[in-house]
Amino acid sequence: VQLVESGGGLVQPGGSLRLSCAASGFTSGSYTIGWFRQAPGKGREGVSCISKSDHSTYYADSVKGRFTISRDNAKNIVYLQMNSLKPEDTAVYSCGADPVPPAEAMCVIGVGPSGSWGRGTQVTVSS
């Protein structure tokens, strides 16, 4: 089971980035997948998650209206479209997958012992 993130980088405030989480070794459609971020000196935050079954979504209040999560089960990829980026969005973004919880539960509680993590991609929002 492997998750690989891509798409991070340096962007100016107000700009956009699209992150990708590519899954291998399992069928991503059987897992709830989410994006989490951790800024220096801060704890991990569940940014957005999408359920395996009904594709229901959850967004942290800090990103509602700016970020959009989507999944392409045929390609085993989950995307996070990030618009109107702010300096406070700067963090390492990691994707996680878990076969058990729905979206909101996973974003709030995190990935459980049956889940997996990617290694992360750096997003820096700065002028």
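Is Arg37 buried or exposed, and at what relative accessibility? In this predicted model, Arg37 counts as buried, because its relative accessibility is 8% and the cut-off for buried is under 20%.

**Salt bridges**

Side chains of opposite charge can pair when their charged atoms come close. The count in this model comes to four salt bridges. Three of them are listed here.

| Salt bridge | N to O distance |
|---|---|
| Arg37 and Glu45 | 2.8 Å |
| Lys64 and Asp61 | 3.1 Å |
| Asp89 and Arg66 | 2.7 Å |

The partner of Arg37 in the table is Glu45. Glu45 is partly exposed, with a relative accessible area of 28%, whereas Arg37 is buried.

Asp89 and Arg66 meet at 2.7 Å, N to O. Asp89 lies in the loop between strand 8 and strand 9, and Arg66 in the loop between strand 6 (57-59) and strand 7, so this pair ties together parts that are 23 residues apart in sequence. Asp89 is buried at a relative accessible area of 1%, and Arg66 is buried at 10%.

Arg37, Glu45, Arg66 and Asp89 are linked in a network of salt bridges.

**Positive phi angles**

Most residues other than glycine have a negative phi. Asn76 has a positive phi, near 60°, and is not a glycine. The loop between strand 7 (67-72) and strand 8 (77-82) holds Asn76, and this residue is buried, with a relative accessible area of 16%.

Ser84, also a residue other than glycine, has a positive phi of about 50°. Ser84 sits in the loop between strand 8 and strand 9 (91-98). Its relative accessibility is 41%, so Ser84 counts as partly exposed.

**Gly118**

Where does Gly118 lie? Gly118 is in the loop between strand 10 (116-117) and strand 11 (121-125). Its relative accessibility is 13%, which means that Gly118 counts as buried. Leaving aside residues up to four places away in sequence, Gly118 touches Leu3, Glu5, Ser94 and Cys95. Gly118 and Ala22 are 96 residues apart along the chain, and their C-alpha atoms are separated by 9.2 Å.

Conventions. Residues numbered from 1 in each chain as written. Predicted model: local features only at pLDDT ≥ 70, side-chain atom pairs only at ≥ 80, totals over all residues. Heavy atoms only, no water. Helix = DSSP H or I, 4+ residues; strand = E, 2+ residues; numbered from the N terminus. Buried < 20%, exposed > 50% of the residue type's maximum accessible area, 1.4 Å probe, protein only. Contact = heavy atoms within 4.5 Å. Salt bridge = Lys/Arg side-chain N within 4 Å of Asp/Glu carboxyl O.
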